[in-house]
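Could you walk me through this model in the viewer, one selection at a time? I would like to know what to click and what is there.

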Amino acid sequence: MNKDITYLSEIISALRHYGGMASLKEINTYIESHNTLPSIQTNPKWTNNVSAVIQRNCSQTKSYRGGADIFYSVYGLGEGFWGLREMAENSLDSSGISPIVERQIKSIDANTQINATEKETIKKARIGQGIFRQQLLDKYHNRCIITGISETNLLIASHIKPWRSANNHERISCENGLLLSPLYDKLFDLGFITFNDAMQIVVSKNLSKENAKLINIDCNRVFIHNPSAELCQNMSYHRRNVFLC
């Protein structure tokens, strides 16, 4: 038995195989077909281990304990799409599709274990995410709206109204997104911060005073000037349904 073969190594191998992003179902299918982990033959619940390993190595999840931050949730937690940070896409070509997504589409088309309907759903989602990210980079001039950080590898295209709750238009509309650095993306995604109608940050009482002080957020600063009606509507949804009051 090769001791170097672990759940973590197989998940990374699967994501590289799929071009950097894949659904949990695709990851499990790859690991099963690869058949190098002995435990999947003896443990009928081995797929639970896959999910657990991903979450322990993703800073967006509650299971993360400060170790290696290897994976990221592509469309928001709960959607079952995971990405490999080392292969995170940063640019789009002239057609509006990044080279990584282009490779993924070819891989999806070649996958005989996914039916035609599933293939179209996955392809549309991945193309949409690339366009969504680029729109936010353009809108916010490649900078986190809170910190001003301009290193694109550290910028996350965050949905205001979560992917799982959004319609097709909202999923790719830049008026349903914010460009955030990882700490603020996680705070926003988990509902520890939101924005009021004046686009000032509101901090949840669920965030300890000690941590709120360390974050040092200026609650009087206006972070988005002249927001559109659509953005305000989506932010109102976030306050009602995501924010921890």
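Which residue in β3 is the bridge partner of Ser73? Select Ser73 and look across: the partner is Trp82. Keep in mind as you go that this is a predicted model.

Now show strand β2 (residues 71-73) together with β3; the two run antiparallel and are joined by 3 bridges.

Next, move to the largest nonpolar core, which has 28 residues; Ile146, Leu178 and Phe195 touch the most other members. Elements giving two or more residues to this core include α6 (116-139), β5 (177-180) and α10 (229-241). Centre on Leu178 and you will find, among its contacts, Leu136, Ile156, Phe188, Phe195 and Met235. A second, separate core of 22 residues includes Ile12, Ile31, Ile40 and Phe71.

Then select the aromatic cluster formed by Phe188, Phe195 and Phe223. Phe195 and Phe223 make an edge-to-face pair, 6.1 Å centre to centre with 80° between the planes. Phe195 belongs to strand β6 and Phe223 to the loop between α9 (209-215) and α10, so their pair ties together parts 28 residues apart in sequence. Phe195 counts as buried at 0% relative accessibility, and Phe223 does at 11%.

Last stop: pick Lys161, whose charged end sits over the ring of Tyr237, 4.9 Å from its centre.

Conventions
Residues numbered from 1 in each chain as written. Predicted model: local features only at pLDDT ≥ 70, side-chain atom pairs only at ≥ 80, totals over all residues. Heavy atoms only, no water. Pairing = 2+ DSSP bridges. Helix = DSSP H or I, 4+ residues; strand = E, 2+ residues; numbered from the N terminus. Core = buried A, V, L, I, M, F, W, Y, C linked by side-chain atoms within 4.5 Å. Buried < 20%, exposed > 50% of the residue type's maximum accessible area, 1.4 Å probe, protein only. Contact = heavy atoms within 4.5 Å. Phe/Tyr/Trp six-rings, centres within 6.5 Å; stacked < 30°, edge-to-face > 60°. Lys NZ or Arg CZ within 6 Å of the ring centre and 35° of its normal. Lists of a residue's contacts leave out its neighbours within four places in sequence.
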